[in-house]
Amino acid sequence: MDSVIDLSPELWVATYETLYIVGFSLFFGGLGGLLLGIGLYTTRAGSILGNSAVFGTLNIIVNIFRPIPFIIFLAAAQPLARAVTGTGIGNSAIIFTLSLAAAFGISRIVEQNLLTVQPGVIEAARSVGAGRLRIILTILIPEALGPLILGYTFIFVALVDMSAVAGYVGGGGLGNFAIQYGYRQFNPWVTWAAVIVIILLVQAVQFLGNVLARKALRR
Amino acid sequence: MPLISLQDVTKSFPPGRRGGDPVRAIDNVSLDIEAGEIYGIIGYSGAGKSTLVRLINALEKATSGTIIVDGHQVTNVPDRQLRKLRLDIGMIFQQFNLFNAKTVWNNVAYPLRVAGKSREEIQARVTELLDFVGLADKASNYPEQLSGGQKQRVGIARALATSPKILLADEATSALDPETTHEVLRLLRRVNEELGITIVVITHEMDVIQTLATKVAVMDGGRIVEQGDVFDVFSNPRQASSQRFVSTVVRGIPAPDELAALRERHAGRIVTFSFRDGDSSQASVFLELAAAGVEFELIYGGINDIRGRAFGHLTLALTGPGASIDAALASLAARTTVKELS
């Protein structure tokens, strides 16, 4: 118990690092996933850019990368992280790899939520002469905004989970804190302190996501 | 020159399964629609009418044939040009297809933004349109807060936003109750009469054609089997599928099972007289039957009115001397359509 108090500066640093890693990953991965998801949605047969070759390719790429357990993906993608960020270890490498892995997962969530938009609504936009990009930006995304916000909230939680293994490649964060000071030093109090911070973090973000989604859905 | 002209238009969809035959949704259709008309296209679901109407604004692309709208080719033109053309063709839908994330105001403003109108123009036009459809007080509501009839009126305002010459109505009243249907049909009539907009109405309800359309085409299996003035098609349908549609709103000649039931209840010979305006009047028919000593009883049928012109079928049970009936029928057959049912 005392050790938790002793370690509290490290705990706050770890919390900050988790937010830092998850925040940037959510931004880059979210953007990549949004584009990939829109790509999957729009190239599906019968959709506004229907192209079965492109859809098939995107679909297979997502299916290949999405199921790889993150800790394995982290190791496998290390050379790529090194090539892009200049380092294979630390928070930058983690953010890169996490963004990449998350983009594949997010793309499916985006695709699913866009598919809930009534095709007739898209057709109505086409019938007034709207172009494809305008339809995506001014109809498709606003129509699916509520579920998209909930989807991204879900992804935030998933990213907190995935970021816990950052310590394996020299990154920080709450996962690393719990393993380094709690698990490896046989100090369950420290582990539990990390767990409690994660629970509070997740609760706060889920609450925020629900409020925003309710606003978007007007109910 | 017709405002909308389709020449030998065919539309095939790829087969549903590998190795299957392509599905011919529209099969060699030719159709001319003049400016100012309300043109009804009726058919059962799957007859191809929804596909046909989407060929006009190129939401679907024809497989072969020529489509000319307001002097412009619609087939084989680049997308950019099509989008411009669509500003001249409004469309309303069975499920309304309003933008749920936008207010009524922004739904109606959307086509104007697409057309690149200025803020002032949009302000003025949306105000005018919401007044026209009677929803000025709902401007800041969201679609989910509206009733079905109100939603369709927003749909109509949105479709009219860019002042199109043509309005395509795809089963626009099929999701509405009868009272709301008539309210929307009245509004469409005003769109045609006050704004001079040509309307193409797709429906499976003959009632809609009867109250709204001036011309009608009957579709069956991707083909137009009959077309002409609504009065002509209603008073004298030639094709089996047209007759089935007409019989849904016009009590005409009794069907075989109805005839059997009539026979059980009425003695004598059963004869149907068909009247169209211009033909000899009913009164003269009844007078002549009475003068010939034939007793008659009206047992089936009715008189219909289409845009001020009357037609109908009256089925009578005739009793009296056989020779008198024969003579009277022969004389009447020269002046009106007489059909003895056996």
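Domain 1 and domain 2 of chain B bury about 920 Å² between them, with carbon and sulfur atoms giving 55% of that area. Buried area here is the accessible area (1.4 Å probe) that two parts lose on being put together, summed over both. This is a predicted model: local features need pLDDT of at least 70, side-chain atom pairs count only at pLDDT 80 or more, and totals for chains, interfaces and linings use all residues. Residues are numbered from 1 along each chain as its sequence is written, chains are lettered from A in the order in which they are written, and side-chain values use heavy atoms, leaving out hydrogens and water.

**Between the domains of chain B**

- Gln210(B), Phe231(B) and Ser235(B) supply 60% of the area that domain 1 of chain B buries against domain 2 of chain B, more than any other three residues.
- Domain 1 covers 4–88 + 164–249, and domain 2 covers 256–341; such bounds come from an automatic or database domain assignment.
- The domain centres, taken over C-alpha atoms, are 36 Å apart.
- In contact are 13 residues of domain 1 and ten residues of domain 2, where contact means heavy atoms within 4.5 Å.
- One salt bridge is counted between the two domains; the term means a side-chain nitrogen of Lys or Arg within 4 Å of a carboxyl oxygen of Asp or Glu.
- Arg276(B) and Asp232(B) form a salt bridge, with their closest N and O atoms 2.9 Å apart.
- On the side of domain 1 that touches domain 2, α7 (206–212) and α8 (230–235) of chain B each give two or more residues.
- The largest share of that side, five residues, comes from α8(B).

**Between chains A and B**

- Chain A and chain B bury about 1,900 Å² between them, 50% of it on carbon and sulfur atoms.
- Ser127(A), Val128(A) and Arg218(A) lose the most area in chain A to chain B, together 31% of what that side buries.
- The contact involves 20 residues of chain A and 24 residues of chain B.
- Two salt bridges cross this interface.
- Arg132(A) and Asp79(B) meet through their side chains in a salt bridge (3.1 Å, N to O).
- Helices α7 (119–127) and α8 (132–143) of chain A each give two or more residues to the side that touches chain B.

**Leu262(B)**

- Leu262(B) lies in helix α10 (residues 256–265) of chain B; helices are DSSP runs (H or I, at least four residues), numbered from the N terminus.
- Leu262(B) is buried, at 4% relative accessible area, where buried means under 20% (1.4 Å probe, protein chains only).
- Beyond neighbours within four places in sequence, Leu262(B) is in contact with Pro254(B), Ile270(B), Ile299(B) and Tyr300(B).

Definitions and conventions: Buried < 20%, exposed > 50% of the residue type's maximum accessible area, 1.4 Å probe, protein only.
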